[in-house]
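Let's go through this model one question at a time. Keep the viewer open while you read.

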Amino acid sequence: MTIHTLLNNLNIQEPFYSISTGLNEQVGQGEKIVISSPADGKTIGEVRLAEASDYNAVIVKAKEAFPIWRTLTAPQRGEIVRQYGEELRKEKENLGKLVSYEMGKSLQEGYGEVQEMIDICDFAVGLSRQLYGLQIHSERPNHRMFEQWHPLGIVGIISAFNFPVAVWSWNTALAWVCGNVCVWKPSEKTPFSAIACQEIFKRVLERNDLPEGVSNIIIGDSSIGNLMASDTNISLVSATGSTRMGKSVAETVAKRLGKTILELGGNNAMIVTEHADLTQAIPAIVFGAVGTAGQRCTSTRRLLVHESQYETLKEKLVDAYRQIRIGNPLDENNHVGPLIDTDAVTNYQNTIKTAQEQGGYICVGGQVLEGAMYQSGCYVEPTIIEAHSAMEIVKHETFAPILYLMKYQTLEDAISLQNDVPQGLSSAIFTLNMREAETFLSATGSDCGIANVNIGTSGAEIGGAFGGEKETGGGRESGSDAWKGYMRRQTCTVNYGTELPLAQGIKFNL
Ligand code: NAD
């Protein structure tokens, strides 16, 4: 199947538009950019970036749609999300392939991303009947006090290239059932996957006679993200990406006292203790470190190994890395695809050089791949570097398959090493020892938003709240009670008596 058939199947037709609301009238006014696949370097298509005037037009459409959408009951909104989930089931193969081709992740991971969208739709449908508020006993007689939750308005979603569709759906499925309309600025590196999602949802809106402004997409660069951050029309900005971007968005939104959900960089460690089952740990380490070519926010970047297991594990890992097949992600025989672009390759090379200068030793990998199979120039070897805690570079997130291998003596040291980075997203321990596992999960253990035992750092599932601490931004998305972030809480007190008693027994006699 060619990319053009794929795009046609997904109803993405030329010319490609920067905004889909009122598509036919409004083509983006800004610069035209060419999107090519990191898999083979071939052009997928061109998009025109949006400018401020396009942005304003999108906001008008979103504002018009909000009063219509919020008037539906939450279960009615859930029904629309259910239908979206059904469309995604039909399009899983087409959309999964497009994600894989545009972003460069393996086909299995492309399908997995679409499955995650389906899962969050299912979760949101159930949630649409469970947006509970509490009832609280009032101190005043004949009074009823309770809290309820209302939609916020327009939710702005800024997303990163590495999960071109799933992260949007985590946000939007919840935001929709909560009664919000959404404006999405996907990464300008992966616009086609985003346009496909919009086209699929548009079918559902049309079928149900609802305005397209319930879901809006705007293809733009950081200047559009910045407009969203400063726009008081946007009640909540949910931003996923680098810590640098998050700090900028947080500052701008805070200046107008708006709300944010921030899902930023990670620097995730796995601890392998003397009680670990290495047959379980090794595939978890390899998938965590090389899956999506190390371009997951939850990728395993640091491996802290007890001295008793260190040499054995190193040898087995190096052996496993030598068997990794790197190549076109659409070929299911390959384990690892390319990095997103050649800038990412330069970043990979610079990090390896710096690590060596700081005393790191390359155990395996370290090279950029060349030749006919790698013509996009984006393929690199997954790399393991023996490192030590004094190396400054291990505190940074490099979005590439680079794993730092470090030795420890006591669990206390390992936990302290793990926590001694600015980021706090995901963490894992491999141990069959209950005391070690529970210490790791205790208040003195991992300081991350995600802490796993005997599974790797990556591969979160829908249902649990996803997010991290410190420079990861503190946001929570997807599962548990993350929906509360997309609503405003209202505390209500109703007096059904004939008196007007005041709280705290205050007397006020007229
Ligand atoms: P990025 O920060 O370069 O871009 C992310 C998005 O933010 C893009 O849409 C971009 O256009 C926009 N943007 C950039 N600067 C902005 C600004 N100043 N104001 C407003 N918008 C701006 O990130 P990336 O390279 O696309 O993605 C990789 C990063 O994302 C990694 O750090 C990774 O850890 C992180 N990430 C985090 C999570 C999470 O859930 N914690 C998930 C995925 C990715």
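Q: How many Å separate the centres of domain 1 and domain 2?
A: This is a predicted model, where local features need pLDDT of at least 70, side-chain atom pairs count only at pLDDT 80 or more, and totals for chains, interfaces and linings use all residues. Residues are numbered from 1 along each chain as its sequence is written. The protein splits into domain 1 (3–264 + 473–491) and domain 2 (268–465), with bounds from an automatic or database domain assignment. Taken over C-alpha atoms, their centres are separated by 30 Å.

Q: Which helix gives the largest share of the side of domain 1 that touches domain 2?
A: Here 26 residues of domain 1 are in contact with 22 residues of domain 2, contact being C-beta atoms, placed from the backbone, within 7 Å. Helix 3 (74–103) and helix 4 (107–127) are the elements giving two or more residues to the domain 1 side; helices are DSSP runs (H or I, at least four residues), as are strands (E, at least two), numbered from the N terminus. The largest share, seven residues, comes from helix 4.

Q: Where does the ligand lie relative to domain 1 and domain 2?
A: The ligand is surrounded by 30 residues, the closest being Ala160, Gly225, Gly241, Glu263 and Cys297; a residue counts as near if its C-beta atom, placed from the backbone, lies within 6 Å. Both domains give residues to this shell, so the ligand lies between domain 1 and domain 2.

Q: Which helix gives the most to the shell around the ligand?
A: Two elements give two or more residues to that shell: helix 8 (243–255) and helix 7 (222–230). With four residues, the one giving the most is helix 7.

Q: How many residues are in the largest nonpolar core?
A: A nonpolar core is a set of buried Ala, Val, Leu, Ile, Met, Phe, Trp, Tyr and Cys residues joined through C-beta atoms within 7 Å, and buried means 20 or more other C-beta atoms within 10 Å of a residue's own, with C-beta atoms placed from the backbone. Ala124, Val165, Leu174, Val183 and Leu303 touch the most other members. Each of domain 1 and domain 2 supplies at least three residues. The core's total is 139 residues.

Q: Which residues is Leu174 in contact with, leaving aside neighbours within four places in sequence?
A: Leu174 is one of the members of the largest core that touch the most others. Setting those sequence neighbours aside, its contacts are Ala124, Leu127, Ala482, Trp483 and Tyr486.

Terms used
Contact = placed C-beta atoms within 7 Å. Buried ≥ 20, exposed ≤ 12 C-beta atoms within 10 Å, placed from the backbone.
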